[in-house]
Amino acid sequence: VTTSEIAYNPGPLEFKVKPSYNRRKGQGKTQLEFMIGKKFKADNLKLGFYGDLKSDLEQESWLGIREEVNYKMLNSLHLGFQGRQFLGLNEDSQDHFYLIPYVMQDLNRNFSIGVWNYLKQNYSDKKGFSYLGPFLVYSPNKKVSLLAHYGKDLKGKGNLIYGKLNLNLGK
């Protein structure tokens with residue numbers, strides 16, 4: 001999976017665009033997401049809540065919500081998760097959810113390492129995947145970060161190589 005997430009936060013609301021390309025079993029699939037939401041910060045806790053519209057630009061479309069939680073302790077250890085629930089907007093689009101729990105350790109100002117489980121499951125037929133493995137984050141500044149993840153499917157169906165570029169425009 002190759003993806004980028006571009007965030008623009010001019011005021012109280014944050015807008016995100018997330019184009020992605022997934023290649024599984026020799027076939028490629030492009031998706032595009034638009035999100036609008038708000039982040040909240042209190043001491044060592046960060047929360048984010050977003051409305052999410054996702055489409056493969058051909059047949060499948062979903063409407064969803066996204067929650068983000070990040071708790072920082074001991075000045076450098078992060079515990080968190082991202083949850084996303086999607087309802088299909090047509091018969092080609094199955095209802096599904098993602099759950100991505102993680103533990104991350106800041107090594108210095110620019111690098112962090114951790115472990116996460118990238119889980120996706122359909123509500124109807126329970127088909128899905130769960131990739132567990134390490135990740136590395138490089139953040140040269142507060143506006144840009146790169147994430148790389150390698151995970152093994154806990155159901156034995158293969159591996160996931162995931163790359164993500166985050167751009168934060170605005171405040």
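The questions below concern a predicted model.

Visitor: Which residues gather in a patch of positive charge on the surface?
Guide: Only Lys and Arg count as positive here, and a patch takes residues with over 30% relative accessible area and no salt bridge. The residues that gather in this surface patch are Lys39, Lys41, Lys46, Arg109 and Lys142.

Visitor: Is Lys46 buried, partly exposed or exposed?
Guide: Lys46 belongs to strand 4, residues 45–55. Its relative accessibility is 47%.

Visitor: Which elements give two or more residues to the nonpolar patch?
Guide: The nonpolar surface patch includes Ile6, Tyr8, Leu13, Phe15, Phe34 and Ile36, and its members together have about 940 Å² of accessible area. The elements that give two or more residues to this patch are strand 1 (2–9), strand 2 (14–24) and strand 3 (27–42).

Visitor: Is Thr3 buried or exposed?
Guide: Thr3 is part of strand 1. Leaving aside residues up to four places away in sequence, Thr3 touches Lys18, Pro19, Ser20, Tyr162, Gly163, Lys164 and Leu165. Buried means under 20% relative accessible area; Thr3 has 6%, so Thr3 is buried.

Methods
Residues numbered from 1 in each chain as written. Predicted model: local features only at pLDDT ≥ 70, side-chain atom pairs only at ≥ 80, totals over all residues. Heavy atoms only, no water. Patch = residues over 30% accessible without salt bridge, like charges linked within 9 Å, V, L, I, M, F, W, Y side chains within 5 Å. Areas by Shrake-Rupley, 256 points an atom, 1.4 Å probe, with all protein chains shown as cover. Salt bridge = Lys/Arg side-chain N within 4 Å of Asp/Glu carboxyl O. Charge placed at Lys NZ, Arg CZ, Asp CG, Glu CD. Helix = DSSP H or I, 4+ residues; strand = E, 2+ residues; numbered from the N terminus. Buried < 20%, exposed > 50% of the residue type's maximum accessible area, 1.4 Å probe, protein only. Contact = heavy atoms within 4.5 Å.
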